[in-house]
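Dear colleague,

I am passing on the structure we spoke about, and below it you will find my notes on what turned up when I went through it. Please read them with the structure open beside you.

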Amino acid sequence: MSKEVKKLYFVFSAFVVNIIAIPIIGVHAQELVAYIIFTLCVVLLPLYVLYSKDALASIGRVSNMPAHQSIVVWVIACLPTLTFGLLAIAIGVSIVAWVVYNVLIERQPEYSGAFLGLGLGPGLLCFGLLLLKSLWIKRKIV
């Protein structure tokens, strides 16, 4: 097992343990929940995203990894990319739908733009689709 995969397993385990610990510890020591959430959002989530990219790259390099292990690593490593891709698509579709609704159907008082008010909507939509597409593209690793 490569060093990148070991790091991914460690960070994923710590991530899951912290998520499970929030309701358990919150019942007894509510002030500690803020520290756990801080650790999740500021320390573990960025490490999880970075180590997942490294682990995905190491799957292509390591040829002696068993098939079942590479599938498990691929699933664990794809979770952040899948989450961010789906979130970007959802936000992009919401922005585009809001603009189209206000331009074509009924203008809401909160809406101040024109049809050019799409802003980041199409960009987020394309970014999310490209993120999801990148999960299934086989790359040659030199």
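Leaving aside residues up to four places away in sequence, Ala-55 touches Glu-4, Leu-8, Val-73 and Ala-77, and please keep in mind here and below that this is a predicted model.

Ala-55 also belongs to the largest nonpolar core, which has 13 residues, and it is listed there with Leu-8, Leu-44, Tyr-48 and Val-73 as the residues with the most contacts inside that core. Three helices, α1 (3-28), α2 (30-61) and α3 (67-105), each supply at least two residues of this core, and α2 gives the most, with five residues. As general background, nonpolar side chains tend to be buried together in soluble globular proteins.

Turning to how the helices pack, α1 and α2 meet at an angle of about 160 degrees, with their axes 7 Å apart; because an angle over 145 degrees counts as roughly antiparallel, α1 and α2 are roughly antiparallel to each other. The crossing in which α1 passes α2 is left-handed, and the residues of the contact of α1 with α2 divide into 21 nonpolar, seven polar and four charged.

Elsewhere in the chain, Lys-133 is found in helix α4, which covers residues 121-134. Is Lys-133 buried or exposed? With a relative accessible area of 51%, Lys-133 is exposed, since the cut-off for that term is over 50%. Lys-133 lies 90 residues from Val-43 in sequence, and the C-alpha atoms of Lys-133 and Val-43 are 27 Å apart in space.

With best wishes

Key:
Residues are numbered from 1 along each chain as its sequence is written. This is a predicted model: local features need pLDDT of at least 70, side-chain atom pairs count only at pLDDT 80 or more; totals for chains, interfaces and linings use all residues. Side-chain values use heavy atoms; hydrogens and water are left out. A nonpolar core is a set of buried Ala, Val, Leu, Ile, Met, Phe, Trp, Tyr and Cys residues joined through side-chain atoms within 4.5 Å. Buried means under 20% relative accessible area, exposed over 50%, partly exposed in between (1.4 Å probe, protein chains only). Helices (H or I, at least four residues) and strands (E, at least two) are DSSP runs, numbered from the N terminus. Contact means heavy atoms within 4.5 Å. Axes are lines fitted to C-alpha atoms, for helices over the stretch in contact, and angles run from 0 to 180 degrees between N-to-C directions. Angles under 35 degrees count as roughly parallel, over 145 as roughly antiparallel, 65 to 115 as roughly perpendicular and the rest as oblique. A crossing is left-handed if the near helix is turned anticlockwise from the far one by less than a right angle, and right-handed if clockwise. Ala, Val, Leu, Ile, Met, Phe, Trp, Tyr, Cys and Pro count as nonpolar, Asp, Glu, Lys and Arg as charged, and the others, Gly among them, as polar.
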